[in-house]
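User: I'm new to this one and would like to be walked through it slowly. Could you put it up for us before I start asking things?

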Amino acid sequence: DDLFPQLTAPRAKHNAVNKALAKAIADSGLQNHESWVDKVLQIFEMSLVRHSLVAVGPSGAGKTKMVEVLHRALEACAADESQPMLGQTHREMRMNPKA
């Protein structure tokens, strides 16, 4: 919706991740807001096709929470050979952008 506002792409089905996300959001004391969950799923889908990613935006936009909740959700999923990211430990490596 962001890049091409006049087009609507079909949503990919990530049933296991969606269930784990709902639980991780509740456990974190956050509200399960549909547009926020969509952004978390977009980060997940980006990580499937990229080696790394950078979250950029203004302070307080939720970048850190999105990544934290996604990590918890992916770790909570049952391991699945068709989706190697599920059920594994995930870690975040922060880099100094001024280095």
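Analyst: What follows is a chat about helix packing, salt bridges and the surface.

User: What kind of model is this?

Analyst: This is a predicted model, in which local features need pLDDT of at least 70 and side-chain atom pairs count only at pLDDT 80 or more, while totals for chains, interfaces and linings use all residues. Residues are numbered from 1 along each chain as its sequence is written, and side-chain values use heavy atoms, with hydrogens and water left out.

User: Okay, helices then. At what angle do H2 and H3 cross?

Analyst: Helix H2 covers residues 34–49 and helix H3 covers residues 63–76, and their axes cross at roughly 70°, coming within 10 Å. That makes H2 roughly perpendicular to H3, a term for angles of 65 to 115 degrees, where under 35 is roughly parallel, over 145 roughly antiparallel and the rest oblique. Helices here are DSSP runs of H or I with at least four residues, numbered from the N terminus, and the axes are lines fitted to C-alpha atoms over the stretch in contact, with angles from 0 to 180 degrees between N-to-C directions.

User: And how do H1 and H2 pack?

Analyst: The axes of H1 and H2 are 11 Å apart and the packing angle is about 125°, which makes H1 oblique to H2.

User: Staying with H2, is Trp36 buried or exposed?

Analyst: Trp36, which is found in helix H2, is buried because its relative accessible area is 17%. The cut-offs are under 20% for buried and over 50% for exposed, with partly exposed in between, using a 1.4 Å probe and protein chains only.

User: How far is Trp36 from Met66 in space?

Analyst: From C-alpha to C-alpha, Trp36 and Met66 are 8.2 Å apart, although 30 residues separate them in sequence.

User: New topic: how many salt bridges are there in the whole structure?

Analyst: A search of the whole structure finds 3, each counted when a side-chain nitrogen of Lys or Arg is within 4 Å of a carboxyl oxygen of Asp or Glu. One of them joins Asp27 to Lys23, with the closest N and O atoms 2.8 Å apart, and these two residues both lie in helix H1, 4 residues apart, about one turn of the helix. Asp27 is exposed at 55% relative accessible area, and Lys23 is exposed at 52%.

User: Which residue does Glu68 pair with?

Analyst: The side chain of Glu68 meets that of Lys65 in a salt bridge, 3.5 Å from N to O, and both residues lie in helix H3, 3 residues apart, about one turn of the helix. Glu68 is partly exposed at 27%, and Lys65 counts as partly exposed at 39%.

User: And where does Arg94 come in?

Analyst: Arg94 forms a salt bridge with Glu92, with the closest N and O atoms 3.0 Å apart. Arg94 is exposed, with a relative accessible area of 62%, whereas Glu92 is partly exposed at 40%.

User: Last one: which residues make the nonpolar surface patch?

Analyst: Leu3, Phe4 and Leu7 make a nonpolar surface patch of about 360 Å². Leu3 sits in the segment before helix H1 (15–27) and counts as exposed because its relative accessibility is 68%. Patches are made of residues with over 30% relative accessible area and no salt bridge, where nonpolar side chains (Val, Leu, Ile, Met, Phe, Trp, Tyr) are joined within 5 Å and like charges within 9 Å, and accessible areas come from the Shrake-Rupley method with a 1.4 Å probe, where for residues only the protein chains shown count as cover.
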